[in-house]
Amino acid sequence: MIQEIEQVLSFMVEIEKLKDVHRKTKPVGLARYENSAEHSWHVCLSALMLQQYANQPVNIDRVIKMLLIHDLGEIDAGDTIIYATETPENKALELAGIKRVMALLPAGQAEQYIELWLEFEAGASNDAQFAKAIDRVPPLLHNLHGEGHSWKANKVTKEQVFKVNSRIAKGSKPLWELLEEKLQAAIDEGLLK
């Protein structure tokens, strides 16, 4: 038992590195960039608060687990803006990273979390579709409430924003409808071109 606890403590120390993986958006009202650990906390709390707007019934415990682990592969792969990350090479780096980090856990624990990560990535189940939808919301809010800072800095077009984020509708149609209105207002205000 002591050895297993030691393994979990080693895992806990290793995942601290996620706090040093910086994302491409700034939290609302702050001048600094968000880190991936903050993002994981934010999406978990967001999923909890928005679960009643999922298109299908979801198991919020599974959704939160997916969201807590979904970016752990970035410890090794780093974070790249969503509009450039959907490559097989990047996903392979993230999968290798998630496997390495999870291998620190006691025998038998890693597999269930790797399976959840794979389910999230596939986005086929109700839980994964909702988790993936919620994962897209904070970066949109950061830009909508931050003068489109990340969109402008990375030359992201309105077409890219709508193409990538329209998947929110797979998890929550009402959430996407509201965000679509907010994005249209951002276009009208010149925050997104």
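Colleague: How many nonpolar, polar and charged residues are in the lining of the second largest cavity?
Modeller: This is a predicted model. In it, the lining of the second largest cavity has 3 nonpolar, 5 polar and 1 charged residues.

Colleague: Which residues line the second largest cavity?
Modeller: Ala54, Asn55, Gln56, Val58, Asn126, Gln129, Phe130, Lys170 and Gly171 line the second largest cavity.

Colleague: How much space lies in the second largest cavity, and which helix gives the most to its lining?
Modeller: The space in the second largest cavity is about 30 Å³. Helix 8 gives the most to its lining, with 3 residues. At least two residues each come from helix 8 and helix 11 (168-171).

Colleague: How many cavities of 30 Å³ or more does the structure hold?
Modeller: There are 2 cavities of 30 Å³ or more. The largest cavity holds about 400 Å³ of space. Its lining takes in 29 residues, and Arg23, Thr80, Ile82, Asp135 and Arg136 are the closest to its centre. Two or more lining residues come from each of helix 5 (82-85), helix 6 (88-102), helix 7 (109-122), helix 8 and helix 9 (149-153).

Colleague: What is the class make-up of the lining of the largest cavity?
Modeller: The lining of the largest cavity has 13 charged, 9 polar and 7 nonpolar residues. Helix 8 gives the most to this lining, with 6 residues.

Colleague: What makes a void a cavity and not a pocket?
Modeller: The way out decides. A 1.4 Å probe fits in a cavity but cannot get out, whereas a pocket is open. The largest pocket has a volume of about 280 Å³. Phe11, Ile15, Leu68, Ile69 and Leu72 are the closest to its centre, out of 16 lining residues. Helix 1 (2-15), helix 2 (36-50) and helix 3 each give two or more residues to that lining. By class, the lining of the largest pocket divides into 12 nonpolar, 1 polar and 3 charged residues.

Colleague: What is the hand of the crossing, and which residues make the contact of helix 3 with helix 8?
Modeller: The crossing of helix 3 past helix 8 is right-handed. Helix 3 brings Ile60, Arg62, Val63, Met66 and Leu67 to the contact, and helix 8 brings Asp127, Ala128, Phe130, Ala131, Ile134 and Asp135. These contact residues divide into 8 nonpolar, no polar and 3 charged.

Colleague: How do you know that helix 10 is roughly antiparallel to helix 12?
Modeller: Helix 10 (residues 158-165) and helix 12 (residues 173-188) pack at about 175°, their axes 12 Å apart. The cut-off is over 145, so helix 10 is roughly antiparallel to helix 12. Lys158, Val161, Phe162 and Asn165 of helix 10 make the contact with Trp176, Glu180, Leu183, Gln184 and Ile187 of helix 12. By class, that contact has 5 nonpolar, 2 polar and 2 charged residues.

Key:
Residues numbered from 1 in each chain as written. Predicted model: local features only at pLDDT ≥ 70, side-chain atom pairs only at ≥ 80, totals over all residues. Heavy atoms only, no water. Left-handed = near helix turned anticlockwise from the far one by under 90°. Helix = DSSP H or I, 4+ residues; strand = E, 2+ residues; numbered from the N terminus. Contact = heavy atoms within 4.5 Å. Nonpolar A, V, L, I, M, F, W, Y, C, P; charged D, E, K, R; others polar. 1 Å grid on protein atoms, 1.4 Å probe; cavity = no way out; pocket = protein on both sides within 12 Å on 5 of 7 lines; lining within 4 Å. Points joined across faces, edges and corners; volume = space filled by probe spheres on them. Axes fitted to C-alpha atoms, helices over the stretch in contact; angles between N-to-C directions. Parallel < 35°, antiparallel > 145°, perpendicular 65-115°, else oblique.
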